Amino acid sequence: MSDTPKQRDWSKPAAMAIPKEGYFKLEQGRYGPIFPKTPACYGFTIIAKLIPGREPAIYEHARKIERAVAEKPDCLAVLKLHYLRWQLFKINGETYFQYQGIFDTDFDKYLEDAVALFIESGLTTVFINLEGWPADWRTNLQAVIKFFRDHQCPSFLEYGEYPYVSADEIKKALALKQAFSSMLDQMQ
């Protein structure tokens, strides 16, 4: 699919079928193949086996993130996230963790920013509970990148109701809507 202005029109829903490899043509980024920006922006899905007995730690980590966002709503802002979803599920009696994120930066930048954020904030990443996560993740970005690349499950279809729109653009539009609403309320 080519990148024409018509395909970047936010006012019309768009869908993109993506080849099995996760990209249309092989282009190397800093850490591996560049995945395309889709109507849903950028994102990835990571699936990895949970270290046995760590399920409570995963749920506790979710509560820590919830508290961190409640205390400082912009604590994850550097990641330019639209959505983040964590799931646990069983396959043949073993528990797996699925991490789905939709964001505005490319795959490589997101990973660099995420590692830097967790190091800077002092929060430990949820990924320490997964088999194969590098013990030296704070100092070995290459090992973190390898983990994500090895556990990435590329999408083969992505859809956007308002395609290619950044989180910042959505926030600005909602702020404008609120301003107009307030103005109209004052005119009554």
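# A guided look at strands and rings

Visitor: In what sense do strand 3 (residues 81-91) and strand 4 pair, and over how many bridges?
Guide: Welcome! Strands here are DSSP runs of E with at least two residues, helices are runs of H or I with at least four, and both are numbered from the N terminus. Two strands pair if DSSP finds at least two bridges between them. Strand 3 and strand 4 meet that rule in the antiparallel sense, over 10 bridges.

Visitor: What kind of model is this, and how are residues numbered?
Guide: Residues are counted from 1 along each chain as its sequence is written, and side-chain values use heavy atoms, leaving out hydrogens and water. Local features need pLDDT of at least 70, side-chain atom pairs count only at pLDDT 80 or more, and totals for chains, interfaces and linings use all residues, since the model is predicted.

Visitor: Which residue in the turn between strand 3 and strand 4 has a positive phi?
Guide: The two strands form a hairpin with two residues between them. The turn residue with a positive phi, about 50°, is asparagine 92.

Visitor: How many residues of strand 4 are buried?
Guide: Buried means under 20% relative accessible area, exposed means over 50%, and partly exposed lies in between, using a 1.4 Å probe and protein chains only. Across the chain, buried residues make up 35% of the 188 residues. Strand 4 (residues 94-103) is mostly covered, and its buried residues number seven of 10.

Visitor: How many aromatic pairs are there?
Guide: Rings of Phe, Tyr and Trp (its six-membered ring) pair if their centres lie within 6.5 Å; planes under 30 degrees apart count as stacked, over 60 as edge-to-face and the rest as tilted. By this rule, the count is 19.

Visitor: Why is the pair of phenylalanine 44 and tyrosine 110 given its class, and what is that class?
Guide: Both residues are buried. Their ring centres are 5.3 Å apart and their planes stand at 80°, so the class is edge-to-face.

Visitor: How far apart in sequence are the parts that this pair ties together?
Guide: Phenylalanine 44 lies in strand 2, whereas tyrosine 110 lies in helix 2 (residues 107-121). The pair therefore ties together parts whose separation in sequence is 66 residues.
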